[in-house]
Each structure stands twice: as C-alpha cells, then as structure tokens.
Amino acid sequence: MSEDDTLLAYLVPKLTSGVEDAATDALAYILNKSEPCRVALVDLVSDGDYKLAPLTYTETQVAPSDTARLDLVGYDSADSTRLIIESKFWAALLDGQSSGYIDYLDDEGPAVLLFVAPEQRHEALWHKIREQFESDKPTGRFAATGSDSRMKVAAFEDASSCKRVALMNWATLLDRLETADTSTVSDVRQLKALARVQDDVTFSPLHAEDLSTTIPRRMLDYNRIVNDVVDAHGVREGWMTTKGMKATPQSDGHLRYFGIVTQAGGHDEPDLGLAICISFARWERWGTPLWLRIWDGQPINLGELHEVLKSRGMSPVWQQGAWLWVPITMKTGADYGDVLRLAADQVKDVCGVLADLA
C-alpha cells in the first residue's frame with residue numbers, strides 16, 4: 001500500500017471542495033492536542049534572538065473584520081496573536097492577504113504571518129507576497145532575512161518591525177511535527193498524506209521549456225512505444241492477445257489493454273486486468289513514464305505477485321488498493337528499436353510470472 005493511501009487523503013477531496021480548510025482544521029487539532037508540536041512550530045519560525053512567545057492554543061477561520069478570514073491563529077498565554085497561518089495548496093493569493101493580514105498580528109513582541117504551500121509554488125507565491133507589500137504599504141520595507149528550499153522569511157520594517165512574513169513548504173512543517181510528539185504521529189501522518197496528494201495536483205508556474213515542441217514530440221514517441229509493445233511484439237510474437245480490446249486515451253495518459261497467451265495451454269487469459277500505459281501521475285512521482293497496470297482480480301494473488309516482482313528488482317507500486325503498478329525501465333542514449341525491445345522484454349517477463357501464478 002502506498003504511504004498516501006490514508007483515510008484523510010482519500011475522504012477529504014471526496015467530501016468537500018474546501019481541502020485547504022480541512023487541512024487547516026487538522027493542523028489546528030494537532031497543535032491544540034500537543035504542546036510539543038506547538039513548541040516545534042515556534043522553533044521553526046524563530047531564529048536566534050527572534051523568538052515567538054510560546055503558543056497556548058489555536059483557532060481556525062477567525063474573522064477579525066468583515067473583509068478578512070484568517071485560516072489559523074496562534075495565541076500566547078495573554079491571548080495575543082503571535083502567529084497567523086494561511087494554508088495553501090492550489091488556491092491563489094487573495095488581494096491584500098499578505099500585506100493586510102500582517103496587521104492582525106500583535107504589535108508587542110515578535111509575531112509571524114506564515115504561509116504554508118507546496119515547494120514548487122514558492123517562487124511564484126513569494127513574488128506575489130512581496131508584490132503585495134510593496135504596492136499596499138509604500139512607507140514600509142520588505143526585507144528578506146533568509147531563504148532556502150524549505151522556507152523563505154522577510155521582515156516588514158515599518159512602525160511594527162517585530163513582525164515577519166514567512167513561506168514554508170508542507171513537508172518541512174509536518175516532518176518537524178511528526179518527530180515532536182509520539183502521541184500525535186498517526187495524526188500528523190494522515191495530514192502529511194493529504195498534503196502530498198494535494199501537492200501532486202498543484203499547478204506549477206510555466207517556464208519557456210514547458211512550451212517547446214520537444215514535449216509533444218516525446219509524448220508521441222511514448223504513445224508509439226505503448227502501441228508497439230502490444231502490436232509489434234506481444235501480439236505478433238504470440239504472447240499477448242487484444243481480442244475485444246482497444247486503445248484507450250485517459251486523462252492520465254495513453255493506455256492499451258491486453259490478455260496473456262499462456263505457453264502451456266495455448267489459450268489466452270483476458271481476465272487478468274492488464275494494461276500497459278503512460279501514467280503522468282506516476283511519472284511525476286517515480287520518474288518513469290511507462291507502466292504495466294495489473295488489476296486486483298481473480299485468478300491473480302497480487303500479494304504473491306508483488307513479492308515475486310520485488311525479488312526480481314522490478315519495484316512494483318501499490319495504488320488505491322485495487323491496482324499494482326509495475327514500472328518499465330526505458331533505456332537512455334539508445335535508438336528506438338533498443339528502447340522498444342527492452343520495454344517489451346520487461347513486460348513479457350512480468351507476463352510470464354502472471355501466467356505461472358494464474
């Protein structure tokens with residue numbers, strides 16, 4: 001089973017369109033339940049002599065005015081607002097959300113406005129945050145104090161120079177909370193899985209190379225490999241059958257269904273739920289575009305198949321409980337014939353294991 005196959009990651013997107021609100025509520029639940037997690041969060045946003053007062057409790061969906069709704073607010077023992085967290089996955093930065101929300105932090109002592117967003121959004125989102133401050137607060141100065149892959153921090157220097165704005169990725173925040181308190185590990189892991197799933201659907205800013213002709217040409221090559229593994233190798237060589245099956249375009253990539261022709265009986269096994277495909281989602285996550293998909297149905301025992309394939313170094317991946325995905329290695333620096341032959345040989349090897357287990 002994939003580490004992202006958790007109940008929270010599965011149910012929340014199905015039950016609500018407000019996934020960011022649900023993630024915020026889950027984060028607040030963890031922080032209110034665990035003092036060590038609150039301490040860990042304060043340590044994350046503190047630096048040297050700049051240290052927030054300890055957080056006593058948090059609240060979500062706080063409306064300090066008719067035009068603002070703060071995702072999560074952290075209060076100290078005097079009920080002063082020391083931390084505001086704005087949760088982001090794919091939602092845009094609202095007008096004044098950074099430059100306006102920082103005013104709701106307490107002026108006495110250090111206080112932080114923290115945006116939590118996927119790392120691939122950081123460059124574009126940080127630019128928007130800075131742009132808002134520079135246009136909405138011309139008498140102040142947005143002064144960056146630190147930046148790396150996990151976090152960006154800036155001080156907004158005006159009459160309230162003790163305030164800071166920061167941008168952190170979900171992984172950094174949740175990794176720290178996971179190690180802070182053993183009693184909340186399962187809760188944090190549920191939220192981590194939800195964040196990872198949402199990260200996968202986040203729109204990354206376009207770059208010039210994303211619009212080049214190389215990408216569509218390569219995609220056509222990949223689709224051709226899928227077709228030729230089935231038609232030019234599997235069917236032609238007699239170890240695949242496509243009777244009653246057809247090529248199927250999907251939102252996740254090109255797909256071909258097929259059945260296995262067994263060596264012993266000379267008959268096909270079309271009910272094994274087999275397909276070879278291009279999977280964008282798995283490509284993005286595991287670094288290879290070509291996959292063999294196997295359905296969890298009779299007569300295959302997927303648990304046994306999983307162990308056999310692992311022992312042969314094929315690294316199959318469980319997804320959503322009902323599928324086993326086997327990555328097909330693609331040879332670099334080779335011509336088309338060699339790439340195709342290697343892919344077809346791997347699919348044939350897996351089919352051989354399937355035939356033995358069926």
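Me: What share of the residues in the protein is buried?
Reply: Buried residues make up 46% of the 358 residues, where buried means under 20% relative accessible area, exposed over 50% and partly exposed in between, with a 1.4 Å probe and protein chains only. This is a predicted model, in which local features need pLDDT of at least 70, side-chain atom pairs count only at pLDDT 80 or more, and totals for chains, interfaces and linings use all residues. Residues are numbered from 1 along each chain as its sequence is written, and side-chain values use heavy atoms, with hydrogens and water left out.

Me: How many helices and strands does the protein have?
Reply: There are 10 helices and 14 strands. Helices (H or I, at least four residues) and strands (E, at least two) are DSSP runs, numbered from the N terminus.

Me: Which residues have the most contacts inside the largest nonpolar core?
Reply: Leu114, Leu173 and Leu177 do, in a core of 36 residues. Two or more residues each come from α2 (19–33), α3, β3 (81–87), β4 (111–116), β6 (151–157), β7 (163–168), α5 (170–180) and α6 (185–199). The most come from α2, with 7 residues. A nonpolar core is a set of buried Ala, Val, Leu, Ile, Met, Phe, Trp, Tyr and Cys residues joined through side-chain atoms within 4.5 Å.

Me: What is Leu173 in contact with?
Reply: Leaving aside neighbours within four places in sequence, Leu173 is in contact with Leu27, Leu41, Leu44, Val116 and Met168. Contact means heavy atoms within 4.5 Å. A second, separate core has 34 residues, including Trp239, Phe258, Leu290 and Val339.

Me: Which residues are buried in helix α3?
Reply: In α3 (residues 35–45), the buried residues are Cys37, Arg38, Ala40, Leu41, Val42, Leu44 and Val45. The N-terminal end of α3 is capped by Ser34, with a side-chain oxygen 3.1 Å from the backbone nitrogen of Cys37.

Me: Turning to Leu83, is the residue buried or exposed?
Reply: Leu83 is buried, because its relative accessible area is 1%. Leu83 lies in strand β3. Apart from neighbours within four places in sequence, Leu83 is in contact with Leu41, Leu52, Leu55, Leu72, Val73, Gly74, Leu105, Val112 and Leu114.

Me: And where is His254?
Reply: His254 is in strand β10 (residues 253–261). His254 counts as buried because its relative accessible area is 15%.

Me: Which side chain makes a polar contact with the side chain of His254?
Reply: The side chain of Asn227 does, at 2.9 Å. A polar contact is a pair of N or O atoms within 3.5 Å; within protein, one must be able to donate a hydrogen and the other to accept it, and residues adjacent in sequence count only if both atoms are side-chain atoms.
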